2 protein chains.
Amino acid sequence: MSLGTTAVAPPRSGLSPRRRGLTATSPFLRAAAGDRPERVPVWFMRQAGRVLPEYRALRATTAMLDSCRNAEMVTEITLQPVRRFRPDAAIFFSDIVLPLAAVGVDVDIVAGVGPVVAHPIRARADLDVLRPLQPDDVQYVSTAVGMLIRELGETPLIGFAGAPFTLASYLIEGGPSRSHTRTKALMYSDPELWHDLLGRLAEITTGFLRVQVDAGADAVQLFDSWAGALNEEDYLRYVAPHSARVLAAFADDGVPRIHFGVNTGQLLGAMGAAGADVVGVDWRVPLDEAALRVGGDRAVQGNLDPATVFAPADVLAEKVRDVCRRGAAAPGHIFNFGHGVLPESDPGVLAHIVDLVHEF
Amino acid sequence: MSLGTTAVAPPRSGLSPRRRGLTATSPFLRAAAGDRPERVPVWFMRQAGRVLPEYRALRATTAMLDSCRNAEMVTEITLQPVRRFRPDAAIFFSDIVLPLAAVGVDVDIVAGVGPVVAHPIRARADLDVLRPLQPDDVQYVSTAVGMLIRELGETPLIGFAGAPFTLASYLIEGGPSRSHTRTKALMYSDPELWHDLLGRLAEITTGFLRVQVDAGADAVQLFDSWAGALNEEDYLRYVAPHSARVLAAFADDGVPRIHFGVNTGQLLGAMGAAGADVVGVDWRVPLDEAALRVGGDRAVQGNLDPATVFAPADVLAEKVRDVCRRGAAAPGHIFNFGHGVLPESDPGVLAHIVDLVHEF
């Protein structure tokens with residue numbers, strides 16, 4: 001064991017005492033491991049964020065990426081939904097492009113648009129900026145994770161990162177895209193450049209998650225938001241090997257690895273096989289069917305349509321129960337929406353959903 | 001046979017001579033009927049439009065909806081890709097919101113945005129504008145279809161309309177939407193208003209297609225672009241009955257009915273069962289798998305990823321052949337992209353794809 005280990009970076013070998021203790025008691029960690037805890041665990045993607053008035057107040061005068069670089073703000077924002085909803089896990093508050101900015105990519109989050117990249121990647125020379133991410137690049141992340149695990153007590157913390165394909169799409173398109181035309185054009189037309197790009201992004205993503213896990217995160221979720229734009233053949237050929245490298249880097253850390261994207265009904269098996277312990281499922285494919293596609297040997301996470309929060313109480317309750325019933329077909333089930341919380345949601349309804357799941 | 005039949009409106013009862021003759025010879029119509037013609041038929045969604053320089057030149061000073069109301073322009077635009085690519089079918093050039101504008105909805109197409117509705121639907125009183133569409137509302141459509149079938153010769157003409165759910169989304173959101181939040185909120189929270197709205201839209205859509213079929217269109221395609229935002233349960237409950245009414249209205253016209261949406265892997269069976277002769281499939285689900293989901297008793301249409309046009313020649317050719325091979329698993333297969341032609345496509349590559357399919 002290295003003497004250089006710092007207070008916020010537990011040793012990599014073996015499980016930290018915190019992690020060992022939680023694994024036996026946390027419904028979230030037990031379900032992720034394929035177990036069936038006494039209650040169905042629940043958290044919500046984007047539970048930390050715009051849906052909460054206390055978040056909007058805190059963020060009022062702070063730009064998105066600045067808030068992600070402020071350990072105190074990250075800690076507070078991550079904790080806000082835990083106080084409100086008492087979910088079974090916290091998700092580290094960050095942004096998908098933060099690690100890109102941390103290595104020197106000129107990217108910002110524009111309100112109402114999303115990430116905007118100043119110099120989109122068009123040619124090999126554009127890769128130079130994508131050096132590996134070092135812990136010093138994101139010291140505030142280690143600090144925030146350290147503060148969080150002290151505050152969270154028995155609630156596990158999920159580390160957060162975007163997957164190589166999704167990061168590549170932002171870098172190539174220069175921002176959000178519906179059709180990912182330039183991304184696929186580069187992927188098809190210059191596979192060598194493509195694989196070099198995704199290889200570098202896999203290193204950056206791994207580095208970003210490594211900082212979180214070494215600081216004490218209890219699980220990781222790899223968000224491949226846009227992977228569902230691909231069919232399985234292209235996903236396996238152009239994307240899966242890179243996501244698999246990221247996931248494999250945490251095989252010996254004792255942290256469950258969740259792998260999620262929207263519109264990925266055709267990729268559920270491949271996303272599990274890439275090395276996930278838990279496959280996140282959007283609301284389109286019923287969880288019992290999703291469990292089959294995943295192969296029956298991994299936990300699933302999901303998958304209530306986030307718009308269900310607008311339904312009358314009886315419809316909402318029946319849909320929550322239906323997700324729980326179908327989730328029971330998988331070796332483990334973590335309740336979630338099938339995508340992020342809609343900003344227009346009523347926080348009271350989210351709290352009610354947590355209760356409904358726990359009463360199931 | 002009514003003496004009142006005009007030159008551009010063949011009788012409704014039985015098949016028009018044109019239609020009867022084509023059905024035996026057209027690869028497109030034969031495949032749609034579940035037959036296996038001597039060559040795989042091919043056309044492209046959005047083959048008429050921005051991808052062609054001659055279209056951009058023609059449209060340079062004419063707003064979108066104005067061009068759809070000009071029978072000469074509609075005819076010319078519909079014919080442009082037929083001259084270039086020699087596809088096995090023409091698709092009537094129009095816009096999804098045209099019938100809404102025709103009954104009095106204040107809607108326009110804003111460049112770079114899409115349809116923008118001045119007064120989005122929020123309450124019951126907002127339904128009043130949605131009266132049934134009469135042939136006189138779209139006289140230019142009858143005229144254009146009549147001109148087209150004289151010009152097209154042996155090439156069948158596909159009529160075009162948006163499905164009730166997709167139209168509802170535009171009307172409720174006020175424009176294009178990623179999450180369809182307001183649409184689903186209305187659907188869940190006020191099912192009575194929802195079904196009244198979709199019922200009216202089904203009438204308008206039926207009226208719009210009726211004009212095209214009575215004027216001589218040889219097939220119809222119902223575009224439910226956004227239906228893939230729903231899971232099957234919600235689709236069956238809130239949407240399918242209305243789309244089924246539209247499709248049923250053409251059961252006795254001898255025109256194949258194509259039913260298409262993107263992200264609809266979970267809905268393929270339901271979209272076929274709604275009364276389609278052909279189910280359009282996006283590029284996410286392989287066609288042999290799609291044929292199974294459809295139930296094995298209907299033709300399929302699709303499903304090359306439109307971004308494949310950017311691939312090197314060998315990759316493109318292999319992907320085209322793969323689609324043809326998998327399509328052979330269905331009772332009939334019409335080659336197409338899995339979504340509309342990307343405006344950035346090279347028209348020469350589209351022509352090459354037609355050749356590749358015909359050589360298969």
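How many salt bridges are there between chain B and chain A? The count is four, where a salt bridge is a side-chain nitrogen of Lys or Arg within 4 Å of a carboxyl oxygen of Asp or Glu.

Before I go on, a word about the model. It is a predicted one, in which local features need pLDDT of at least 70 and side-chain atom pairs count only at pLDDT 80 or more, while totals for chains, interfaces and linings use all residues. Residues are numbered from 1 along each chain as its sequence is written, chains are lettered from A and ligands numbered from 1 in the order in which they are written, and side-chain values use heavy atoms, with hydrogens and water left out.

Let me begin with the interface. Taking contact as heavy atoms within 4.5 Å, 33 residues of chain B touch 33 residues of chain A. Together the two chains bury about 2700 Å², with 51% of it on carbon and sulfur atoms; buried area here is the accessible area (1.4 Å probe) that two parts lose on being put together, summed over both. Arg178(B), Tyr188(B) and Arg284(B) supply 23% of the area that chain B buries against chain A, more than any other three residues.

Now to the salt bridges across this interface. In one, the side chains of Asp234(A) and Lys319(B) meet at 2.6 Å, N to O. In another, Lys184(B) meets Asp305(A) at 2.8 Å, N to O. Lys184(B) lies in helix H9 of chain B and Asp305(A) in the loop between strand E8 (299-304) and helix H14 (313-327) of chain A, so this pair joins two chains; helices (H or I, at least four residues) and strands (E, at least two) are DSSP runs, numbered from the N terminus. Both Lys184(B) and Asp305(A) are buried, where buried means under 20% relative accessible area, exposed over 50%, and partly exposed in between (1.4 Å probe, protein chains only).

Finally, let us look within chain A. Arg84(A) forms a salt bridge with Glu54(A), the closest N and O atoms being 2.8 Å apart. Because Arg84(A) lies in helix H5 (residues 71-85) and Glu54(A) in helix H3 (residues 53-59), the pair ties together parts that are 30 residues apart in sequence. Arg84(A) is partly exposed, at 38% relative accessible area, and Glu54(A) is also partly exposed, at 26%. Asp282(A) and Arg284(A) form a salt bridge too, at 2.5 Å, N to O, and there Asp282(A) is buried at 3% and Arg284(A) is buried at 10%.
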